[in-house]
Amino acid sequence: MFEALTDKLQGIFSKLGSRGTVTEADLDEALRQVRLALLEADVNFRVVRDFIAHVREAALGQQVLSSLTPAQQIMAIVHDELIHLLGDGQSRLTLASQPPTVILLVGLKGSGKTTTAAKLALQLRRSGQKPLLVAADPQRVAATEQLTTLGRSLDVPVYAQDGKIDPVKVVRESFAEARRLGSTVVIVDTSGYNKFSEEAEEDLEGLRKAASPHEVILVADAMTGQEAVHAAEEFHKSVNLTGLILTKLDGDARGGAALSIRAVTGIPIKFVGTGEKSDALEPFHPDRSPLASSAWAIL
Ligand SMILES: Nc1nc2c(ncn2[C@@H]2O[C@H](COP(=O)(O)OP(=O)(O)OP(=O)(O)O)[C@@H](O)[C@H]2O)c(=O)[nH]1
Ligand SMILES: [Mg+2]
């Protein structure tokens, strides 16, 4: 993730760093190149515009051009702004003071919700929780079976109903099962939508009422670029997301969509998916990502 962008930024900074003095024109030229690099990495144009404006303003405001180390200080500003884009600090799952914690996973079709539900269950169990997976997707053929199989392979219980299911009923009735099993976290897998629509809004509102979730997490496929950014905004407007999980960061996603989703929604990235296997889920640390360290690499 972010490799190409990281390389480009390093190139821009090392050129700037080779100069003793930096004029305002040099700054603008470097920012023009940063802008292009971000756009090429598929960062949303509004996010790029704000990013460049902030960096320029900070650089001129802090009078870095007249300092002894202008290039370094510009890099430091870019570095801070990149971390700010990715989110300030790690964001953990909110656990309910009265278990069970209820987590609703929502998103577009094929974004990785079902896989992520299993990954989360595994991760939570490793941290001492007792997860219950709930199969509340009536759309996808064999969705229930997919989750049940994943649960079985991880030895995590799955609450599912047979036949044509009503997801709201499934969610309501899953709570009795959670009590019976002493589950501390209930993870609800929901239907994927081709695009955000009124139908999606209605379905999710029903599920939200039935589940009273502590976390509503958008599972977004980082490979789908600006489409994922747009969908994230729509989902957030309608269902009040509390967190993001970006999947498929092991693929050749340019990373820009990931950056943009977080920036346009203001919602923290809680985890990233880095593979198909159930243990390929990592907590997200904005300051440890390679992108954030790109500015430091040549200081
Ligand atoms: N490489 C990679 N593949 C992933 C990741 N997460 C999910 N996948 C794959 O993406 C495909 C879709 O995953 P699902 O979990 O079924 O997606 P979904 O959102 O539940 O799909 P629907 O229920 O149809 O909306 C599967 O082939 C997964 O193995 C990831 O982080 N990396
Ligand atoms: Mg699914």
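Analyst: A polar contact is a pair of N or O atoms within 3.5 Å. Please keep this cut-off in mind as we read this predicted model.

User: How many helices and strands does the protein chain have, and what does its C-alpha trace span along the principal axes?

Analyst: The secondary structure of the chain amounts to 11 helices and eight strands. Its C-alpha trace spans about 70 × 40 × 30 Å along the principal axes.

User: What percentage of the residues in the protein chain is buried?

Analyst: A residue counts as buried when its relative accessible area is under 20%. In this chain, 52% of the 299 residues are buried. The accessible surface comes to about 13,900 Å², and carbon and sulfur atoms account for 49% of that surface.

User: How should I read the contacts between residues at least 6 apart in sequence?

Analyst: Contact means heavy atoms within 4.5 Å. Of the contacts between residues at least 6 apart in sequence, 77% join residues at least 24 apart.

User: Where is K113 found, and which side chain of opposite charge is nearest to K113?

Analyst: K113 is found in helix 5, which covers residues 113–126. A salt bridge requires a side-chain nitrogen of Lys or Arg within 4 Å of a carboxyl oxygen of Asp or Glu. K113 is buried but has no salt bridge, and D189, the nearest side chain of opposite charge, is 5.9 Å away.

User: Which backbone oxygen lies 2.8 Å from a polar atom of the side chain of K113?

Analyst: That backbone oxygen belongs to L108. Beyond its neighbours within four places in sequence, K113 has contacts that include L105, V106, T190 and V219.

User: Is R125 buried or partly exposed?

Analyst: R125, also in helix 5, counts as partly exposed because its relative accessibility is 33%. Setting aside neighbours within four places in sequence, R125 is in contact with P131, L154, D155 and V156. R125 and V156 are 31 residues apart in sequence, while their C-alpha atoms are 8.5 Å apart in space.

User: Why does R262 count as buried?

Analyst: R262 counts as buried because its relative accessibility is 13%. This residue is found in helix 10, residues 256–265.

User: Which backbone oxygen does the side chain of R262 reach?

Analyst: The side chain of R262 reaches the backbone oxygen of L85 at 3.0 Å. Not counting residues up to four places away in sequence, R262 touches several residues, among them H84, L85, L86 and G87, as well as L244 and P268.

User: How far apart are the mean positions of the positive and negative charges?

Analyst: The mean positions of the 32 positive and 38 negative charges of the protein chain are 3 Å apart.

Key: Residues numbered from 1 in each chain as written. Chains lettered and ligands numbered in written order. Predicted model: local features only at pLDDT ≥ 70, side-chain atom pairs only at ≥ 80, totals over all residues. Heavy atoms only, no water. Helix = DSSP H or I, 4+ residues; strand = E, 2+ residues; numbered from the N terminus. Buried < 20%, exposed > 50% of the residue type's maximum accessible area, 1.4 Å probe, protein only. Areas by Shrake-Rupley, 256 points an atom, 1.4 Å probe, with all protein chains shown as cover. Lys, Arg positive; Asp, Glu negative; His and termini not counted. Charge placed at Lys NZ, Arg CZ, Asp CG, Glu CD. Polar contact = N/O pair within 3.5 Å; in protein donor to acceptor, adjacent residues only side chain to side chain.
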